[in-house]
Amino acid sequence: MTTPSLHIALLAGEASGDLLGAPLLQALRERLPHARFSGVGGPAMQAAGLHSLIDMERLSVMGLVEVLRHLPDILAAERTLLAHWAADPPDVFIGIDAPDFNLRIARALHARGVRTVHYVSPSLWAWKEKRIHKIRRCIDLMLCLFPFETAVYDKHGVAAVCVGHPLRDRLRMVPAAEARTALGLPPQARILGLFPGSRRGEVRRLLPVFLETWQRLQAADPALQAVLSLRQPPDKASAALLATLPHVHRFDADSATLMAASDALLLASGTITLEAALLNRPMVVAYRVHPVSAALARALKLLKINRFSLPNLLAGADIVPECMQEECNPARLVAELTPLLADGEAAARQRAALAAVAAQLPPDVSARAADAIVHRFGW
């Protein structure tokens, strides 16, 4: 049954959440045509009909040290949102990823009688499983992206549904020749794709390492070319280095097209590794957080897993190389990338494993998520 003037609040704290939220919002609009939507989102969610109350970039911060530095503005954003929703209460709040921020908002709204959904399960299977107790008190429905995530919620009596990942529906396999033509790249060149992340902190920490890795690879093979996905402006040192590097083509373009044009990828750890898996592109995954954040995580024994990238987690095996923290250095990255660029068998083995990972994920994800929400609340 359609509820007139239903008010749905959604909150995405970063670019990946914006891409998850937009198709969900569209699916909800199809089922609830009289609903209105307010909250926080980027260009995709706003284009789908979200009235965004603050700039999403204010929330796009990660890492213990980084969050502390931006804490006053994050708390001010929280007060702004809760004051708005006190004056105009939503019927349901849907937090999209960003659990540290979204669960605080959900707890405050749940205490006011607002029904709550969280879309993208926090990584309870990786660290801080005790968060399930906080979730149980403030979340009415958990929407999980991956099949292995629902077990902990079933164990603790929290309603949870695995809906899959929206990338499964959105991505289209583009032939390499078509992608290279669209980007103006040489059709026969060997190309490495460089993806140092979307957040300012990620780019600051990873781009210099990625560029030095590229220098070493290109010195060994002068014919090698690169595409660099970069939406955040580089710092002065990286910008100066970029200006001296041959055959590096910088784009602020669709990542799927850039991946399709590449023979192998060097990626920041995150959702983009799942995108690469679904597009069947051989990859090496790298990541660094602030050294103090890493030291605290080790000292407090926060992590419970030995794998970090989504392809490896879904496979339950080490199918793509992971270079984290101290291992995220040019020598190690060159060693891992060289066989993927030079050895057709190494790339083919990884592609076969990635195809098996992609086959696990169901289609029609946003429709499944919207149906789960509508069913849960009887709309």
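The dialogue below takes up the sheet, a pair of helices, salt bridges, backbone angles and contacts in turn.

Tutor: Please keep in mind that this is a predicted model. Let us begin with the sheet.

Student: How do strands come together in a sheet, and in what order do the six strands stand here?

Tutor: In general, strands of a sheet pair through backbone hydrogen bonds, either parallel or antiparallel. In this structure, six strands form an open sheet with parallel pairing, and their order is S10-S9-S8-S11-S12-S13.

Student: Which strands stand at the edges of the sheet?

Tutor: They are S10, residues 248-251, and S13, residues 322-324. Each has a single partner strand, so one side of each is left without a neighbour in the sheet. From one strand to the next, the twist averages 15°.

Student: How many bridges join S9 to S10?

Tutor: Four bridges join these two strands, which run parallel. As an example of residues facing each other, Ser 229 stands opposite Phe 251 in S10.

Student: How should I describe two packed helices?

Tutor: Two packed helices are described by the angle between their axes and the distance between the axes. Here, helix H15 (residues 330-342) packs against helix H16 (residues 344-358) at an angle of about 100°, and their axes are 5 Å apart. Angles of 65 to 115 degrees count as roughly perpendicular, and H15 and H16 therefore stand roughly perpendicular to each other.

Student: Which residues meet where H15 and H16 are in contact?

Tutor: From H15 come Pro 339, Leu 340 and Ala 342; from H16 come Gly 344, Ala 346, Ala 347 and Gln 350. Five residues of this contact are nonpolar, two are polar and none is charged.

Student: Let us turn to salt bridges. How many does a search of the whole structure find?

Tutor: The search finds 16.

Student: Are Glu 14 and Arg 199 buried or exposed?

Tutor: Both Glu 14 and Arg 199 are buried. They also belong to a network of salt bridges that links Glu 14, Arg 199 and Glu 202.

Student: What does the salt bridge of Arg 180 with Asp 263 look like?

Tutor: The closest N and O atoms of Arg 180 and Asp 263 are 3.0 Å apart. Arg 180 is in helix H8, whereas Asp 263 is in the loop between H11 and S11, and the two are 83 residues apart. Arg 180 is buried, with a relative accessible area of 4%, while Asp 263 is partly exposed at 25%.

Student: What should I look for in the backbone angle phi?

Tutor: Most residues other than glycine have a negative phi. Asn 280 has a positive phi near 60° and is in the loop between H12 and S12. Gln 325 has a positive phi of about 55° and lies in the loop between S13 and H15.

Student: Why do Asn 280 and Gln 325 count as buried?

Tutor: Buried means under 20% relative accessible area. Asn 280 counts as buried because its value is 18%, and Gln 325 because its value is 15%.

Student: Which residues does Ser 269 touch?

Tutor: Ser 269 is found in the loop between S11 and H12 and counts as buried at 19% relative accessibility. Beyond residues up to four places away in sequence, Ser 269 touches several others, among them Glu 202, Val 285, Phe 308 and Met 324.

Key. Residues are numbered from 1 along each chain as its sequence is written. This is a predicted model: local features need pLDDT of at least 70, side-chain atom pairs count only at pLDDT 80 or more; totals for chains, interfaces and linings use all residues. Side-chain values use heavy atoms; hydrogens and water are left out. Axes are lines fitted to C-alpha atoms, for helices over the stretch in contact, and angles run from 0 to 180 degrees between N-to-C directions. Angles under 35 degrees count as roughly parallel, over 145 as roughly antiparallel, 65 to 115 as roughly perpendicular and the rest as oblique. Contact means heavy atoms within 4.5 Å. Ala, Val, Leu, Ile, Met, Phe, Trp, Tyr, Cys and Pro count as nonpolar, Asp, Glu, Lys and Arg as charged, and the others, Gly among them, as polar. A salt bridge is a side-chain nitrogen of Lys or Arg within 4 Å of a carboxyl oxygen of Asp or Glu. Buried means under 20% relative accessible area, exposed over 50%, partly exposed in between (1.4 Å probe, protein chains only). Two strands pair if DSSP finds at least two bridges between them.
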